[in-house]
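Here's a quick walk through one model, meant to be read with the viewer open. Have a look at the fold, then follow along below.

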Amino acid sequence: MTTISISTKMGNFANKKDSITLEDKIDSIQNGNQLLRNQLLEDYQPFIKKITSKVCNRYINHTMDEFSIGLSAFNEAMDQYRRGQGSRFLTFADMVIRRRVIDYIRKEARQNKYIYLEPEELDEEGRLEDSYAEQKAALDVYEMDKQSEMRMFEIEEYEQLLKKFSITFKVLSKNCPKHIDARENAKMIAKLIADDQVLSSYLLEKKQLPIKDLLALVTCSRKTIERNRKYIIAVALIHLGGFNALKSYIQ
């Protein structure tokens, strides 16, 4: 156990030097790093165009007002993001961009309605107000679409993470424990790994299970752990990767 701890600390030190996450960069920006803010605004313009184009259902380039709204929303997301909220920064930025662009589209649509309205049909700023039912229906649809897209975004990210461990969805489906007890036991081991800094660091660094250490903590045999190895790793990565939209599938 001591050897693992030492190697883990050395690995963590190397990782901190060589692989700064996007979330680390956001922390730096929130602490006043304006140079990095400008760099991310430049680097993530393709991401902003992609999200904005999806919302508008047409291609949006950097000269259009919608892109400016998306760029401003990305900048806003950098200020508002909090790690403790559970989502990755790009997932959060995606949501903020969509909301701001949709608000812009609605505002434009209202201003372009050339119909006579009684004063009480206008809000305080003179804009056409949707009925409560229309607003709720639109927000419900938007929320469902957002959740669906967040799941798709997480699935793509999760798939790439699994590849680093030589695991594919096809292989995973074949290695899922068939019996409920075996599945629950494997999920318990995965959660144990995710909650333990030494065990999780070993998994992420070595790309394999810390079987020797696990045997000292659980009652099942080495053979059982090795037989369910890929499933245990896959579930542990859902916890460690913060894939909140996928956690329901574990249950």
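The lining of the second largest pocket has 11 nonpolar residues, no polar ones and no charged ones (Ala, Val, Leu, Ile, Met, Phe, Trp, Tyr, Cys and Pro count as nonpolar, Asp, Glu, Lys and Arg as charged, and the others, Gly among them, as polar). The volume of this pocket is about 250 Å³. Of its 11 lining residues, Tyr158, Leu172, Ile238, Leu246 and Tyr249 are the closest to the centre. A pocket here is an open set of points on a 1 Å grid over the protein atoms alone, where a 1.4 Å probe fits, with protein on both sides within 12 Å along at least five of seven lines; lining residues have an atom within 4 Å of a point. Points are joined across faces, edges and corners, and the volume is the space filled by probe spheres set on them.

Two or more lining residues each come from helix 7 (132-163), helix 8 (169-174), helix 13 (229-240) and helix 14 (247-250). Helix 13 gives the most, with 4 residues.

A word on provenance: this is a predicted model, with local features needing pLDDT of at least 70 and side-chain atom pairs counting only at pLDDT 80 or more, while totals for chains, interfaces and linings use all residues. Residues are numbered from 1 along each chain as its sequence is written, and side-chain values use heavy atoms, with hydrogens and water left out.

Now the overall build. The protein has 14 helices and 0 strands, taken as DSSP runs numbered from the N terminus (helices H or I, at least four residues; strands E, at least two). Of its 251 residues, 35% count as buried, where buried means under 20% relative accessible area, exposed over 50% and partly exposed in between (1.4 Å probe, protein chains only). Among contacts with a separation of 6 or more, 62% join residues 24 or more positions apart; a contact is heavy atoms within 4.5 Å.

What about the inside? The largest nonpolar core has 28 residues, and Tyr158, Ile189, Ile193, Leu209, Ile225 and Ile232 have the most contacts inside it. Such a core is a set of buried Ala, Val, Leu, Ile, Met, Phe, Trp, Tyr and Cys residues joined through side-chain atoms within 4.5 Å. Helix 7, helix 9 (180-195), helix 10 (197-206), helix 11 (211-215) and helix 13 give two or more residues each, and helix 13 supplies the largest share, 8 residues. Apart from this core lies another one, of 25 residues, among them Leu22, Phe47, Ile60 and Val96.

Leaving out residues up to four places away in sequence, Leu209 touches Ile193, Tyr202, Leu203, Ile225, Arg229, Ile232 and Ile233. With that same exclusion, Val218 touches Met188, Ile189, Leu192 and Ile225. Val218 sits in the loop between helix 11 and helix 12 (222-227). Its C-alpha is 9.5 Å from that of Met188, 30 residues apart in sequence.

Asp103 lies in helix 6 (residues 89-111), and its C-alpha is 9.8 Å from that of Ile69, 34 residues apart in sequence.

Here is how some single residues come out on accessibility:

| Residue | Relative accessibility | Class |
|---|---|---|
| Cys176 | 28% | partly exposed |
| Cys220 | 15% | buried |
| Asp103 | 41% | partly exposed |
| Val218 | 11% | buried |

How many disulfides are there in the whole structure? The search finds 0, a disulfide being a pair of cysteine sulfur atoms within 2.5 Å.
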